[in-house]
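Colleague: I would like to go through this structure with you. Could we take it topic by topic?

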Amino acid sequence: METEDWFKLKRYPHIGEPLSLKDYKWVKAYVENPQSVKKHSFLPLIHKILIKRKYRADTIDLVRNKKGERMRFIDRPKIRNIYYASHIDSIVFSYYNHLINEAYEKLILSKNFNESIVAYRKIPIAIGSDKNKCNIDFAKSTFEFIKKREDKKLTAIVADVTAFFDNLDHKILKKKWCEVLKLSTLPEDHYNVFKALTNLHYVEGDQLYNSYKGTMLVERGVPNSSKDKEVKRIEIKSNSYFKEKNAIAYCTKEEFLSNNLNLVISANNTIGIPQGSPISATLANIYMLDFDQEVYDKVEAVGGYYQRYSDDLIIVCEQEHEDSILKLIRDRVKNLAKLEIHPSKTTVYRFEEIKGIFKGFEIDEVSKQHNYHKCLEYLGFSFDGQRVLIKDSGFSKFYRSMKRSFKKSSSLAIHSKNPDESLFKSRLYKRFTHRGAKRKLIYHPSKTDPTKYEKTKKYYWGNYLSYIYKANDSMRTLNGGKDIIKKQSRKFWNRFYKLMRFHEAKISSSKKIKI
């Protein structure tokens, strides 16, 4: 069944069971009816905290380990507050995101900064192409701008708006929402969606889980039936096992309204919208319309370059304009957008010829001291004026994921009822090696003839190595025609086999103990 892009089904556990393709017709009729949405009662969001550990190489004392590598330390973790909407609410948000984004795209096409706003937009690689640009392309265009001006002394300013989604001013958001729709006030259906986002009500996921004594609603197959499913409540030891146990809901909507209204938290927020809803990204773009226009005009006037990817922005200009541009973006963020760019979230880099080599390096904004050990970092890449690399943090994250998967696979092999107690090697190869890096169209068995397969509209997008190979191909021209990025990934094949041998030995020793 073909559906609109906004009809996006999610499987995360929430209040009430997930929707399916069988619900498409009534959901479509419901969300496309302004009268229905005007009266729609939104359920509280489910709140979760995502903590991302950060490892940093020592760049001050330059202490090295026995291998000669710089010692690493654990930096302050990045904490993100994510809010999940119920399944029908998510579709409502998704549909109105479609309406607003469509209007935003029509508006921004007439603006001179159209190509500078790159996040959450479908920007074709070339006119008429059905393929769209990604962060690799956006980073590349930035580095190319710098590379083409090797004869000049340049400054690159990378800034991150502090707590972007948490601090959006509701009056400005409403004004920009009306402007994009070309209306003086929000229609009642749009206003109800606006209220659901700005008047934040949520439930802590762990509290809701504990209120049902560590049980969840899960979907199970019916004995002697290949198609029928049933929903039952079972005990699950931890939320880390929700996916494995196929948990689909904390409770039904009726159970929640009867038992759990006391868990609802009203944020009483006068600013901010929840990060994680299908509409939040588009609202962030329309919110920044005036800021984008003013900053682009100023930067363009001095022959510079401006690009904004959500709350991350980069400006490249000649060094003589460095201080005035820094002052500009901070003033406009504070006084126009009612937000903040904290000095700790701003990094300044310079590019200039040093001893005959075009070199990029970080400088301290206040003291203007140089740090030649650090170069420009943007959208997951680093660029020193001579070559582009993927940041080490990306590889570290991939390796940690590999270690966790091997640990989980070996644990399942040892403790499950699988008689041969072996690793699921094919799955590990597919996820972490070049064998699973090829992107391809997915085929499904034909409904009319089970012996044949039919094309779907879905793709297997490969693994992290697919991304590395794509980045390598894209950045090759900037890397002097060399496969420098691809070489960065060579160590993973050896690490993969070391983990394979270690966990196979672990499984083998567990067999001997059992015997």
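This is a predicted model: local features need pLDDT of at least 70, side-chain atom pairs count only at pLDDT 80 or more; totals for chains, interfaces and linings use all residues.

Colleague: How many salt bridges does a search of the whole structure find?
Modeller: The search finds 25 salt bridges.

Colleague: Let us begin with E4. Which residue forms a salt bridge with E4?
Modeller: The partner of E4 is K28, and the closest N and O atoms of the two are 2.8 Å apart. This pair links distant parts of the chain, 24 residues apart: E4 belongs to the segment before β1 (14-15), and K28 to helix α1 (residues 24-31).

Colleague: And what is the relative accessible area of E4?
Modeller: The value for E4 is 26%, so E4 is partly exposed. K28 also has a computed value, 23%, and therefore counts as partly exposed.

Colleague: What about E105: which residue is its salt-bridge partner?
Modeller: E105 pairs with R121, with 2.8 Å between the closest N and O atoms. Here, too, distant parts of the chain are linked, 16 residues apart: E105 lies in helix α3 (residues 87-108), whereas R121 lies in the loop between α3 and α4 (135-147).

Colleague: Are E105 and R121 buried or exposed?
Modeller: Both E105 and R121 are buried, that is, each has under 20% relative accessible area.

Colleague: How far apart are the closest N and O atoms of D473 and R476?
Modeller: They are 2.9 Å apart, and D473 forms a salt bridge with R476. D473 counts as partly exposed because its relative accessibility is 46%, and R476 is partly exposed at 28%.

Colleague: Changing topic: how many cavities of 30 Å³ or more does the structure hold?
Modeller: There is 1 such cavity. The largest cavity contains about 40 Å³ of space.

Colleague: Which residues line the largest cavity?
Modeller: Its lining is made up of K8, L9, K10, Y12, L19, H87, S90 and I91. By class, 4 of the lining residues are nonpolar, 2 are polar and 2 are charged.

Colleague: Finally, the surface. Which residues make the nonpolar patch?
Modeller: I49, I51 and I79 make a nonpolar surface patch of about 320 Å².

Colleague: Where is I79 found, then?
Modeller: I79 is in strand β3 (residues 72-84).

Colleague: Why does I79 count as exposed?
Modeller: I79 has a relative accessible area of 54%, and exposed means over 50%.

How values were computed. Residues are numbered from 1 along each chain as its sequence is written. Side-chain values use heavy atoms; hydrogens and water are left out. Patches are made of residues with over 30% relative accessible area and no salt bridge: like charges are joined within 9 Å, nonpolar side chains (Val, Leu, Ile, Met, Phe, Trp, Tyr) within 5 Å. Accessible areas come from the Shrake-Rupley method with a 1.4 Å probe; for residues, only the protein chains shown count as cover. A salt bridge is a side-chain nitrogen of Lys or Arg within 4 Å of a carboxyl oxygen of Asp or Glu. Helices (H or I, at least four residues) and strands (E, at least two) are DSSP runs, numbered from the N terminus. Buried means under 20% relative accessible area, exposed over 50%, partly exposed in between (1.4 Å probe, protein chains only). On a 1 Å grid over the protein atoms alone, a cavity is a set of points where a 1.4 Å probe fits but cannot get out, and a pocket is an open set with protein on both sides within 12 Å along at least five of seven lines; lining residues have an atom within 4 Å of a point. Grid points are joined across faces, edges and corners, and a volume is the space filled by probe spheres set on the points. Ala, Val, Leu, Ile, Met, Phe, Trp, Tyr, Cys and Pro count as nonpolar, Asp, Glu, Lys and Arg as charged, and the others, Gly among them, as polar.
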